[in-house]
Each structure stands twice: as C-alpha cells, then as structure tokens.
Amino acid sequence: MTTTLYTAKDFILLSLPLNSKPAHLANDDRLISAQLDTDTWLKESLIQGKAYVTNFEIPEFKIGSLDSLLVESEELSKIDGQIHTSINKIIDILSQFNEAGTNDYTTIPINNMPIPEYLENFQWQSRKFKLDKSIKELIQIISNESSQLDLDVRSTFADYNTAKSNLTAAERKQTGDLSVRSLHDIVKPKDFILNSEHLTTLLIAVPKSLQKSFESSYERLSANVVPGSASILSRDSEFLLYNVHLFKKNVPDFITNCREKKFIPRDFNYSEELIEQLKQEHDSAASLEQSLRIQLIRLAKTAYVDIFINWFHIKALRVFVESVLRYGLPPHFNSKIIAVPPKFLSKCKSELLDSFGYLGGNAFVKDKKGKIDKGDTSLHQYASLVDTEYEPFVIYTITL
C-alpha cells in the first residue's frame, strides 16, 4: 500500500517484543507453521492490509541504570512536546507567507525527500549524534540545538513584525484619506508662501459635503486671510485639500474656527528636507521589511528541517527507552512505523490493542477499548495515580 504512505496524515510508531505474536496467532500452531508471523500480520491483516508498514530502524544506545531510564523517559516526553510546539510555530509563520501550503507538514522536504519517504527511510544520524554518548547526553544535545533554532526563529519573527508594523504605519500615511495621510508627495513649493516674515500657508482637508460652506466662509474664519487665496490641491473620495494664505499671527483663530465648522487643519510645514526624510523613512521601512521577510522565510525553512529531524530522533530515543522499560534486556525489539489511511486511526489502534493487549498482563482491569479502568475497586486509594492512557505496548501516534 505505497499510496497510503503519501496520503496518510497519521503515523504510528510501534515497538513489540521480538518474539511477540498477535493473540490469535500465538495460540494457533497451524497459523504459525504457515509463517503468518507478526510482520506478515501487520502488513496483510491490520485494517485489512490498508496500512503501509515498514521497519523503524533504531540503533542500540548506551543504557544506564533503571533509575536513569525512568528519568530519561520523563525528560523525553517533555522535550517531545516542546519540539512539536516549535514545529507548529514554524508552520504558522510560514503559513503567513503561503510558504507551507495546505498540507502543512508534507510540503517541505526533509533531506531533499518528502516527509513520508524520510519517515520510511529513517536512519539515526550517528555522525551528528554519536552513539558513544549516553542517552542523557544525546537528549541534551538534541534539546539544546532545537531550543536554539526555535529561539532564532522567534527572535527573527519578532524583528520582522516590528519592521512590518513600521512599514504599515508608513504606508498608512500614504494610503489614508486626505484628512490623515502624509502630504509630502502631494504638495509642491508653489502651493506655499515661503520665507515670508508675516505670511504663511495652511492646509485644510474639507469634507466634500462642506465644500460650498468652506469656500463661502474661509475668508471670515479669522482676520487677515488673503482674499481668494484658497485653491484645491488634491481630492479623494471623501475630502478636498485646500491651501489658504494668511497672516501668521491669525493662525490660532483660523484653526479654532475651522475645527468648529468640521474643516480639518493639517499640521504641515513645507520643507524640502522633511519631505525627503519622509520618503527615505518609507523606503527604508519597505527595504527592511523585505529583507527581514526573506531572512525569516529562509531561516524558518532551514530550522523546520533541522527541528523535524531532531524531533524524530527524540521519537527514536523514546521508543528505545520505553521498550527497554517495558520489555527488558537485551534491547532487541520489533519496531515499525505504520502509515494509516485517513479515518482509519481509531480502527488501527483498536486492532493493535486486540492483538497485543495481552502484553500488558493482568495488573489492571481494562475496559473494552483496552484502557485501564479507574473504576476498578482493587486500586483503592491508588486509583488517582494510575495513568489511564497507559498502553500495554509501546505505541506513539504522529499526526502530520
């Protein structure tokens, strides 16, 4: 079922004792003699052969004490969740730039191959994560690298958001209506009285509905307004922009009376230097936003690949550690990765529980789904301490 490998969104990491067999095979000598072993059953009978099953190759690691394995099991669980969160964060970032597509995990290749192929052909990177190191050291190396990559992406993302906000503010000045937008690219020197000791020019944004009111009244809004000086410099769907010449000493009265009549004075002093500065600020904001966007996308894609690889190495360590804790030594296990067709995850897990649930023994009473029954009266005061999600064998589900 190779097709399933590429259409599956759910994958199961499964580890069983090397000599274990499905419950219905373990007690049937005829079936065993027909060589219907666990591998064959998984490939041909699990959900009627619809799953894609392949070996999940895990090397042997340096094993310490039982106490150290228990501590490492808890640490691996925590780091597994942290790295998964980092991956989801990167996917969210890339999605903002349409860089992740709709099928988030499977659109970015890992080591130049689609993710399903990477999972199918997973191999421990012994040159990077050397097997002469202890499990504790390997966990620390993978965790530190993943944390640093996550920090780099988040820091660059924060820088990008700041640059984007600055660009948005600069663009708002260019794209708003005439009552709020920057006017540096609209007005010209000829629109102003410049270098005069007594006269100045004001810019007024007038709602179109008040055009006649303004034109008939502006000369009386204060003393010393130059008659007939108002002219339309620009217009948009909502406003007209006028310039008006008057004496500097009468500017406060003129502005106050404009506001009373709902005409909007624009605070703008013509300056070639200021206009050039505003243009440069916008260009600089646009350039920085583009530069950081490119940098962020490149970094996020690279970090995604490295963190995903680290995540799967953590998965491999979890499978190994949990298998040793469950099944003991020597560490020889039958580990598989199972690609599950869409909508078959529950059925697949149910069939695995039916076939290998016996590996959990009879320590706890279980319900029909194979889960530990907290209502078991024999647990007494220990009921709250029992993990009801405990599975009778090593199994992890990955949803892409």
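Buried here means under 20% relative accessible area, with exposed over 50% and partly exposed in between (1.4 Å probe, protein chains only). By that cut-off asparagine 310, at 0% relative accessibility, counts as buried. This is a predicted model, so to speak of local features a pLDDT of at least 70 is needed, side-chain atom pairs count only at pLDDT 80 or more, and totals for chains, interfaces and linings use all residues. Residues are numbered from 1 along each chain as its sequence is written, and side-chain values use heavy atoms, leaving out hydrogens and water.

**The chain overall**

- You're looking at 11 helices and eight strands; helices (H or I, at least four residues) and strands (E, at least two) are DSSP runs, numbered from the N terminus.
- Of the chain's 400 residues, 44% count as buried.
- Take the contacts (heavy atoms within 4.5 Å) between residues at least 6 apart in sequence: 78% of them join residues at least 24 apart.

**Asparagine 310**

- Asparagine 310 sits in helix H10, which covers residues 272-327.
- Its side chain makes a polar contact with the side chain of glutamate 145, at 2.9 Å. A polar contact is a pair of N or O atoms within 3.5 Å; within protein, one must be able to donate a hydrogen and the other to accept it, and residues adjacent in sequence count only if both atoms are side-chain atoms.
- Leaving aside residues up to four places away in sequence, asparagine 310 touches Lys128, Phe129, Ile142, Glu145 and Ser146.

- Serine 86 belongs to helix H5 (residues 66-95) and counts as buried at 9% relative accessibility.
- Beyond residues up to four places away in sequence, serine 86 touches Asp150 and Ile307.
- Isoleucine 186 is in the loop between helix H7 (135-175) and strand S3 (199-207), and at 15% relative accessibility it counts as buried.
- The C-alpha atoms of isoleucine 186 and leucine 233 are 7.7 Å apart, though 47 residues separate the two along the chain.
- Isoleucine 186 also touches Leu178, Arg181, Ser234 and Leu241, again not counting residues up to four places away in sequence.

- On a 1 Å grid over the protein atoms alone, a cavity is a set of points where a 1.4 Å probe fits but cannot get out, while a pocket is an open set with protein on both sides within 12 Å along at least five of seven lines; lining residues have an atom within 4 Å of a point.
- Grid points are joined across faces, edges and corners, and a volume is the space filled by probe spheres set on the points.
- There is one cavity of 30 Å³ or more, and the largest cavity has a volume of about 40 Å³.
- Its lining includes Leu5, Phe11, Tyr52 and Pro116; strand S2 (52-55), helix H6 (115-120) and strand S7 (333-340) each give two or more residues to it.
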